[in-house]
Amino acid sequence: TALVVAIDGPSGSGKSSVSKAVARALGLAYLDTGAMYRAATWWCREQGVPLDDAAAVAAVVRAMPLVMGVDPEAPGVHVDGTDVGAAIRRTEISSIVSAVATNLEVRAELGRLQRAAIDAERAGGFSHGRGIVAEGRDITTVVAPDADVRVLLTASEEARLARRALEVHGAADAAAVEATRDQVVRRDADDSAVVQFHVAADGVATVDSSALDFDETVRAVLDVVVQ
Ligand code: C5P
């Protein structure tokens with residue numbers, strides 16, 4: 001039977017790269033649910049919808065022609081035929097994505113798509129029924145509380161800021177860390193209004209990566225999988 005692994009965590013916890021590596025190691029598909037909220041945000045801007053018009057945003061997201069790739073080697077994101085993989089990572093999107101992600105109708109719609117993608121892998125999809133690693137903020141709790149393995153990947157605020165600074169600015173000096181603070185701390189605070197990803201829910205294993213390097217973190221998650 002197929003294996004479903006759910007991984008949640010705050011921004012800068014290393015969730016995406018760790019989840020991708022875990023999927024690769026186990027030969028599973030990979031679903032980046034954050035990319036779906038980012039793509040929805042990109043699409044709303046493209047369509048000229050004011051983000052504070054909740055009903056209009058929900059309608060536009062429901063009609064969004066989104067195609068999510070689930071190959072961990074190349075998880076493409078396409079909206080209406082456009083490859084948005086790079087565009088959705090830009091600061092213009094990161095700084096406003098919470099406004100879309102806190103729209104409950106959007107969450108219901110994207111949650112439905114996420115469950116469908118997970119069920120497709122359970123039934124034998126990309127990796128022929130071996131399963132999927134799905135990663136985000138509410139996968140262990142709302143989208144796939146029935147996953148075989150559920151992990152909350154955490155790290156201290158200091159570690160998360162340093163990682164994001166290195167990623168975005170290529171340095172983790174004081175200035176780079178400050179420039180990153182809004183992206184990490186403010187966004188997590190905004191997201192926390194509708195999703196809880198700071199404390200592990202019942203039955204969810206916590207992996208704290210503050211003192212671990214990348215390979216050690218991947219191994220720690222794989223250890224939870226084989227337990
Ligand atoms: O993980 P990433 O930083 O790409 O997520 C982008 C945004 O998508 C988050 O800040 C959050 O607003 C939203 N998100 C969410 N629920 C998820 C995954 C992401 O609300 N499961």
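**Conventions.** I note that this is a predicted model, in which local features need pLDDT of at least 70 and side-chain atom pairs count only at pLDDT 80 or more, while totals for chains, interfaces and linings use all residues. Residues are numbered from 1 along each chain as its sequence is written, and side-chain values use heavy atoms, with hydrogens and water left out.

**Helix 8.** I took helices (H or I, at least four residues) and strands (E, at least two) as DSSP runs, numbered from the N terminus. I recorded A159, R160, L161, R164 and A165 as buried; buried means under 20% relative accessible area, exposed over 50%, and partly exposed in between (1.4 Å probe, protein chains only). After helix 8 comes G170, with a positive phi near 70°.

**Ligand.** I counted 16 residues around the ligand, the closest being R38, R107, D138, R187 and D191; a residue is included if one of its heavy atoms lies within 4 Å. I then examined polar contacts (pairs of N or O atoms within 3.5 Å). An oxygen atom of the ligand lies 2.7 Å from a side-chain N or O atom of R187, and a ligand oxygen is 3.2 Å from an N or O atom in the side chain of K15. A ligand nitrogen is 2.9 Å from a polar backbone atom of R137. Taken alone, the ligand exposes 460 Å², of which the protein buries 98% (Shrake-Rupley method, 1.4 Å probe).

**R38.** I placed R38 in helix 2 (residues 33-46). R38 counts as buried because its relative accessibility is 9%. Beyond four places in sequence, R38 touches I88, R89, I93, S94, V97 and R187, where contact means heavy atoms within 4.5 Å. R38 and V100 are 62 residues apart in sequence, yet their C-alpha atoms are 8.5 Å apart.

**Strand 2.** Which faces of strand 2 (residues 29-32) are covered? I found both to be covered, with A29 and L31 buried on one side and Y30 and D32 on the other. Strand 2 runs parallel to strand 6 (residues 131-136), joined by 4 bridges; pairing requires at least two DSSP bridges. I identified I132 as the bridge partner of A29 in strand 6.

Terms used: A polar contact is a pair of N or O atoms within 3.5 Å; within protein, one must be able to donate a hydrogen and the other to accept it, and residues adjacent in sequence count only if both atoms are side-chain atoms.
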